[in-house]
Amino acid sequence: MSKDRLSDLRFAAGKRPEPVTIYVDGSPVLAYPGEALAPALLAAGVRVLRTSPNAGTARGMFCLMGVCQECLVWVDDQLVLSCQERVRAGARVETGAPL
Amino acid sequence: MMRDVDLLVVGAGPAGMTAAATAAEHGIETVLLDEQDQPGGQFFRPIPATFDADALCRSNPDYAAGEALRARLAASGVEMLPGRKVWSAEPGFRVDAVGGAGLEKWRARQVILACGTTERMVPFPGWTLPGTIGLAGATILLKAHQMLPGRRTVVAGAGPLLLAVAVGILKAGGQVAAVVDLARPLDWLRALPGFASRPDLLRRGAGWVATLKRHGVPVLSGHAVTSAEGDDCVRLVTVHPVDGSGRVRRDRPARRFEVDALAVGNGLTPSVDLSRLLRADHEFRPEIGGWVPLRDAAMRTSVPGLFVAGDCAGVAGAEPAQLRGVVAALGALADAGRPVDRGQLAKIQSRLARQERFGMTSARLMTFPQGLVETLVPETPVCRCEDVTRAEIDSALAAGASDLNQLKSWTRCGMGPCQGRMCGETVATLAALGKGGRQAVGAWTVRQPIRPIPVFAVDQEESGK
């Protein structure tokens, strides 16, 4: 595990800023401010973002460009596309919405 | 907020940035809208603004080119407004967007649409499992987020993104369990003459193949993913051989790969929702991605004052996109009565024509695989949003659903939040089987809002906030 990048899924490219803490379903998670939220969650091992309304199947990010609408999560009580939402210190993220 | 502007450009990818910068440099009042928080589109997508890009610019010429275009845009006098989702447009032109401050209404004399493309998908059981992303999505993850999709990924599908993603993962230190290419060696050989005009791309492709060999990555040509399995995320991928038209050979042995990620995609299709909403005429051109707006050599659509640029006019790649941006801008300037260097325009148009010929050759490799859709098992979830299976679609077709809009009413396919962007190609291909082709089944009627918009944005407007 690459301690300096918080996860072995991130690779070195340029300098990243100091990590901050966000809260995912109540648990603290370290992520980089300015990163998109869905990738930050992936790096922290959180792949399941919500469930489909009809069949209730687990869903995660898919297109990463704001088209598929799969990556919807609640952030500070607003429903957002986590592939476009940026990590902010102290953000409260809730996954698992059946939407 | 309602504002008047001479020229509105929608989409800040290579084409939109170039079109807007060119127009503004010629002195026309130009506003550029994009839904992302920084300009760049997909090809020039930047890493987060909080990260330091210097090292990336030094090591990656494509990234440096994107930064240079962003710098040119910033210096050109364009009013660049990021974070704006265009959700409606009306002839005349009125364009509605929702952004950070709420609703914005624009009235523009001329509009250039540079909306790019979306990726086409062929579904399979398990394609909705977390850990499965598009090839375009994997490209974004690698380039803009500096992240691997997983520790061990199967990379599958068709088109130029396939090898690029596989090599990108290897170069970033990840494992590729297999490359699963729908195309067969014969398909690549047939496309070879078209590559003769782009020896640089041939060299790059050869380099990619060598890299895969060096890492011992199995490359399965003429194969497709037929299922993904796992509890809450993908763990096992099954792959079958296909025949020349993409039909799955379930009578032949399958291969299985243990993974924690799967990247899959089947080429790109132009985003035409805005050009349809604005009532431009379209035609079906499978070799350049599907439905495209009719346009002339100056990128004019059938609607006066409406231009298109980049891949939303037909899939051709990033270089032609930038040239199309210049042509559209000069075309708009000329139509607005501004002085334009006709000699320069003619030179660019001829360069563009040469590049577009090449783009068409590689796009043929990305023809949507009808055979693969034909052999989808009935329980395959086709519509992700509404969990509609192939069996349900086939029932509706058997019951007499005659075109795509009727099929949508009967099955709910296309009614979900993605508005049919994920399942559209598959549904249209299923509907077209035995009906004489895609033109016969039409296209889903585009209605506003063309993007889901938050109710609070409308709410704030109503209460005058």
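Trainee: How much accessible surface does chain B have, and how much of it belongs to carbon and sulfur atoms?
Mentor: This is a predicted model, and in it the accessible surface of chain B is about 18400 Å². Carbon and sulfur atoms account for 53% of that. As for extent, the C-alpha atoms of chain B fill a box of roughly 65 × 55 × 45 Å along the principal axes.

Trainee: How do you know whether chain B agrees with a compact globule?
Mentor: Set its radius of gyration against the rule. A compact globule of 465 residues would come out near 23 Å, and chain B has 22 Å, so the two agree. Of those 465 residues, 60% count as buried, meaning under 20% relative accessible area.

Trainee: What is chain B built from, and what share of its contacts joins residues at least 24 apart?
Mentor: Chain B has 16 helices and 21 strands. Among its contacts between residues at least 6 apart in sequence, 64% join residues at least 24 apart.

Trainee: Why is P286(B) called partly exposed?
Mentor: The label covers the range between the buried cut-off of 20% and the exposed cut-off of 50%. P286(B) has a relative accessible area of 39%, so it is partly exposed. You'll find P286(B) in the loop between β17 (282–285) and β18 (290–293) of chain B. From P286(B) to M415(B) it is 129 residues in sequence and 25 Å in space, C-alpha to C-alpha.

Trainee: Over to chain A. What makes chain A as compact as a globular protein of its length?
Mentor: Start with the elements: chain A has 1 helix and 7 strands, in the order β-β-α-β-β-β-β-β from the N terminus. For 99 residues the globule rule gives 13 Å, and the radius of gyration of chain A is 13 Å, so chain A is as compact as a globular protein of that length. Its C-alpha atoms fill a box of roughly 40 × 25 × 20 Å along the principal axes.

Trainee: Where is G56(A), and why is it called partly exposed?
Mentor: G56(A) is in the loop between β3 (50–51) and β4 (58–59) of chain A. Same cut-offs as before, 20% and 50%: G56(A) is at 45% relative accessibility, so it counts as partly exposed.

Trainee: What is G56(A) in contact with, leaving aside its neighbours within four places in sequence?
Mentor: T51(A) and D387(B). A contact needs heavy atoms within 4.5 Å. G56(A) and L99(A) are 43 residues apart in sequence and 9.2 Å apart in space, C-alpha to C-alpha.

Trainee: How do you know how much area the two chains bury between them?
Mentor: You take the accessible area that both lose on being put together. For chain B and chain A that is about 3800 Å², 58% of it on carbon and sulfur atoms. On the side of chain B, F51(B), Q146(B) and M147(B) supply 16% of the area buried against chain A, more than any other three residues. Counted by contacts, 48 residues of chain B meet 44 residues of chain A.

Terms used: Residues are numbered from 1 along each chain as its sequence is written. Chains are lettered from A and ligands numbered from 1 in the order in which they are written. This is a predicted model: local features need pLDDT of at least 70, side-chain atom pairs count only at pLDDT 80 or more; totals for chains, interfaces and linings use all residues. Side-chain values use heavy atoms; hydrogens and water are left out. Helices (H or I, at least four residues) and strands (E, at least two) are DSSP runs, numbered from the N terminus. The radius of gyration is taken over C-alpha atoms; the globule rule is 2.2 Å times the number of residues to the power 0.38. Buried area is the accessible area (1.4 Å probe) that two parts lose on being put together, summed over both. Buried means under 20% relative accessible area, exposed over 50%, partly exposed in between (1.4 Å probe, protein chains only). Accessible areas come from the Shrake-Rupley method with a 1.4 Å probe; for residues, only the protein chains shown count as cover.
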